[in-house]
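Student: I would like to go through this model and ask, for each label, what value and what cut-off stand behind it.
Tutor: Then look at the structure before asking.

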Amino acid sequence: VPHNDWLRVFFEYGLLSFLFFIYLNVNIFVKLNKLSKEYSFIFLTILIYMFSENIISNYLVISFLYFYVGGLISSENFKRRT
């Protein structure tokens, strides 16, 4: 297993999946930055932490992260539509 999540996605899933992974995280960061600077700072901290650890292996942490971020963005989109 590579020593960080970014290399792990690149080596295990290939270049195309790695580019989609980067796009996903940048897109989430941009949306969180529009929503709240605090949320985007926390997400950026986790993205930087992914350079030193393998948190993708920890299913509970990574699923909580993306479900929580998805809920934040979804609730903001819902508020704007109503």
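Student: Which element gives the largest share of the lining of the largest pocket?
Tutor: That is α4, with 6 residues. Helices here are DSSP runs of H or I of at least four residues, strands are runs of E of at least two, and both are numbered from the N terminus. Both α3 (37-49) and α4 (59-81) supply at least two residues of the lining.

Student: What kind of model is this?
Tutor: The model is predicted; local features need pLDDT of at least 70, side-chain atom pairs count only at pLDDT 80 or more, and totals for chains, interfaces and linings use all residues. Numbering starts from 1 along each chain as its sequence is written, and side-chain values use heavy atoms, with hydrogens and water left out.

Student: What makes a space a pocket and a residue part of its lining?
Tutor: On a 1 Å grid over the protein atoms alone, a pocket is an open set of points with protein on both sides within 12 Å along at least five of seven lines, whereas a cavity is a set where a 1.4 Å probe fits but cannot get out; lining residues have an atom within 4 Å of a point. Among those lining the largest pocket are Leu32, Tyr39, Phe43, Phe64 and Leu72. Its volume is about 160 Å³, counted as the space filled by probe spheres set on the points, which are joined across faces, edges and corners.

Student: How many residues of each class are in that lining?
Tutor: There are 11 nonpolar, no polar and no charged residues. Ala, Val, Leu, Ile, Met, Phe, Trp, Tyr, Cys and Pro count as nonpolar; Asp, Glu, Lys and Arg as charged; the others, Gly among them, as polar.

Student: Why is Ser40 called buried?
Tutor: Buried means under 20% relative accessible area, exposed over 50%, and partly exposed in between, with a 1.4 Å probe and protein chains only. Ser40 has 4%, so Ser40 is buried. Ser40 lies in helix α3 and, leaving aside neighbours within four places in sequence, is in contact with Phe29, Leu32 and Asn33. Contact means heavy atoms within 4.5 Å.

Student: Why does Tyr66 get another label, partly exposed?
Tutor: Tyr66 has 23% relative accessibility, so Tyr66 counts as partly exposed. Tyr66 is in helix α4. Its contacts beyond four places in sequence include Phe21, Ile28 and Phe43.

Student: Where do the buried residues of α3 lie around its axis?
Tutor: They are Ser40, Phe43 and Leu47. They cover an arc of only 65° around the axis, so they are on the same side of α3. The arc is that of the directions from the helix axis to the C-beta atoms. An α-helix has 3.6 residues a turn, so residues three or four places apart point the same way. Glu38, Phe41 and Ile48 are exposed, on the face of α3 turned away from the buried side.

Student: What do the buried residues of α3 pack against?
Tutor: They pack against α1 (5-13), α2 (15-35) and α4. Those of α4 pack against α2 and α3.
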